[in-house]
Amino acid sequence: MPSKNAGGGASTKRKRGNQNATYGNALPIFSFPEPAKASWLSSFSYFKSSKPVISNPKCVGILDVASRSVWVVNARDMMILWQRGFFGKGSLSRSEPSWLTRRLNEVKDSAKGYTAEDMTAKRRAERKQFKTDRADAIAAARSEAEAVFEATGALPPALSELAFIPSHSRPTRPTPSDTPVPKVPVTAEPSKPIASLQPFIKEIPEAPSDEPMSEPVEQMEHLQLTLQEAFFLSWALGCLRVLNPETECYLTIQDLLQRSLDTSLPFTPPELSRRPDNPFLVNYAIYHHYRSLGWVVKGGIKFCVDYLLYKKGPVFSHAEFALVVCPVYEDPTDEETSPFDLPNSKPMDWAWFSTINRVSSQVKKTLILAYVIIPSSKRLEVVLDTPECLTQYSVHEVVVRRFIPARMRD
């Protein structure tokens with residue numbers, strides 16, 4: 001006999017299969033074997049061989065110095081970079097560039113293809129309305145219980161629990177029982193959804209409308225890459241070309257490195273930013289280290305950390321690790337003469353460390369202190385202007401766990 005959750009399990013497996021088909025590639029470039037040509041030697045397994053074929057999308061981005069990012073405006077490139085490695089974020093979305101989909105849903109007045117932003121707004125509105133209706137029902141039940149108590153001197157058994165619920169507690173949903181419970185009239189009118197969320201909350205129509213749209217919807221969103229992501233795609237993978245909007249020419253790898261270094265101190269001479277403790281180099285060393293190990297690296301400012309590490313990507317599961325970058329100078333003289341105020345380069349404050357650790361444990365993430373050893377400027381005088389300088393950086397990790405005596409006795 002099939003279980004009750006058989007249908008839900010099949011639906012979940014089908015959804016996971018679709019996600020694996022869409023987001024299965026970990027990087028924008030991937031290799032697949034070329035079919036071998038048929039010959040009389042192919043009948044023997046020893047002679048069966050095929051050369052791998054590299055698929056390179058060759059995406060194009062535009063450097064934006066003001067926002068310290070690279071913009072990808074082509075729809076094809078946006079889809080490839082997000083679905084193959086979750087690079088960047090939509091400029092008008094939480095993560096995946098879905099503004100156009102949301103806009104089309106609004107124009108067509110269809111609930112098909114809800115995006116993450118739509119579902120979040122819908123859940124928040126439903127949760128707020130449920131809490132309001134529940135509070136009104138409890139208030140009405142308490143009023144009726146008080147009226148019965150004044151008339152008879154006793155409370156109905158079904159309302160005795162509701163009558164003495166403190167106002168600061170959070171009542172739960174009533175559970176079904178065999179004892180018939182009298183219906184409690186609720187006189188309060190149901191609350192309306194929040195006005196700011198009203199455009200995103202739509203009732204599911206009986207049948208989707210097939211009428212054509214009056215006007216085509218223009219794409220107003222772009223994929224925004226950080227400088228670390230853009231340099232990794234350009235230098236490490238070679239699948240992104242960055243366009244300089246001033247000259248309308250593509251930047252070389254060395255030029256892109258120099259422009260990324262100059263954004264750390266935009267209003268100073270370039271010589272001051274050409275240092276091994278440049279924030280771009282420090283953060284890129286961390287980004288490249290974990291990307292090369294197969295992790296999906298995303299920004300972690302939401303949880304007071306520098307980066308979040310996903311095993312496969314934000315579509316499949318939540319991040320497992322929260323990463324804090326801690327620079328360490330190889331030469332103390334570089335720290336004394338540095339024009340940069342690198343965060344976490346000084347001894348950590350205990351209150352700050354406890355706060356970060358507590359936040360990470362509350363959201364079920366493991367805190368990692370990633371120490372970046374900054375090489376001495378004397379060793380990098382020659383190769384600092386080239387990407388070869390990144391080979392001199394090293395990364396060491398320290399895993400931190402919050403000790404809770406009440407939970408960890410066993």
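The structure is a predicted model, in which local features need pLDDT of at least 70 and side-chain atom pairs count only at pLDDT 80 or more, while totals for chains, interfaces and linings use all residues. Residues are numbered from 1 along each chain as its sequence is written, and side-chain values use heavy atoms, with hydrogens and water left out. The chain has eleven helices and 13 strands. Helices (H or I, at least four residues) and strands (E, at least two) are DSSP runs, numbered from the N terminus.

**Confidence**

- The mean pLDDT of the chain is 79, and 72% of its residues reach 70 or more; pLDDT is the predictor's confidence in each residue, from 0 to 100.
- Residues 162-209 have pLDDT below 50, and beyond near neighbours in sequence this stretch has 47 contacts in the model. A contact means heavy atoms within 4.5 Å.
- Where pLDDT is low, the predicted coordinates should not be read in detail.

**Whole chain**

- Of the 410 residues, 32% count as buried. Buried means under 20% relative accessible area, exposed means over 50%, and partly exposed lies in between (1.4 Å probe, protein chains only).
- The accessible surface of the chain comes to about 26500 Å², and 56% of this belongs to carbon and sulfur atoms. Accessible areas come from the Shrake-Rupley method with a 1.4 Å probe, and for residues only the protein chains shown count as cover.
- Among contacts in the chain with a separation of 6 or more, 63% come from residues 24 or more positions apart.

**The six-stranded sheet**

- Six strands form an open sheet with mixed pairing, in the order S5-S6-S4-S3-S7-S8. Two strands pair if DSSP finds at least two bridges between them.
- Strand S5 (89-90) and strand S8 (249-250) are the edge strands, and each pairs on one side only.
- S5 and strand S6 (residues 223-226) run antiparallel and are joined by two bridges. Leu223 in S6 is the bridge partner of Gly90.
- Helix H2 (residues 75-83) lies across strand S3 (59-64), strand S4 (69-72) and S6, and runs at about 95 degrees to S3. Axes are lines fitted to C-alpha atoms, for helices over the stretch in contact, and angles run from 0 to 180 degrees between N-to-C directions.

**Helix H6**

- Helix H6 (residues 227-237) lies across S3, S4, S6 and strand S7 (240-244), at about 85 degrees to S6.
- Nine of the eleven residues of H6 are buried, and the helix is mostly covered. The buried residues include Leu227, Ala230, Phe231, Phe232 and Leu233.
- Leaving aside neighbours within four places in sequence, Gln228 is in contact with Phe280, Asn283, Tyr284, Tyr287 and Tyr307.

**Pairing around strand S11**

- Strand S11 (residues 321-329) is mostly covered, with eight of its nine residues buried.
- S11 pairs with strand S10 (residues 307-310) in the antiparallel sense over three bridges. Ala322 in S11 is the bridge partner of Leu308.
- S11 also pairs with strand S12 (residues 366-374), in the parallel sense over nine bridges. Thr366 in S12 is the bridge partner of Phe321.
- Strands of a sheet pair through backbone hydrogen bonds, either parallel or antiparallel.

**Loop residues and cysteines**

- Glu248 is in the loop between S7 and S8. The phi of Glu248 is near 55 degrees, a positive value in a residue other than glycine.
- With a relative accessible area of 64%, Glu248 is exposed.
- Cys304 is in the loop between strand S9 (296-299) and S10. Its phi is near 65 degrees, also a positive value in a residue other than glycine.
- Cys304 counts as partly exposed, at 48% relative accessibility. Cys249 likewise counts as partly exposed, at 43% relative accessibility.
- The count of disulfides comes to zero, where a disulfide is a pair of cysteine sulfur atoms within 2.5 Å.
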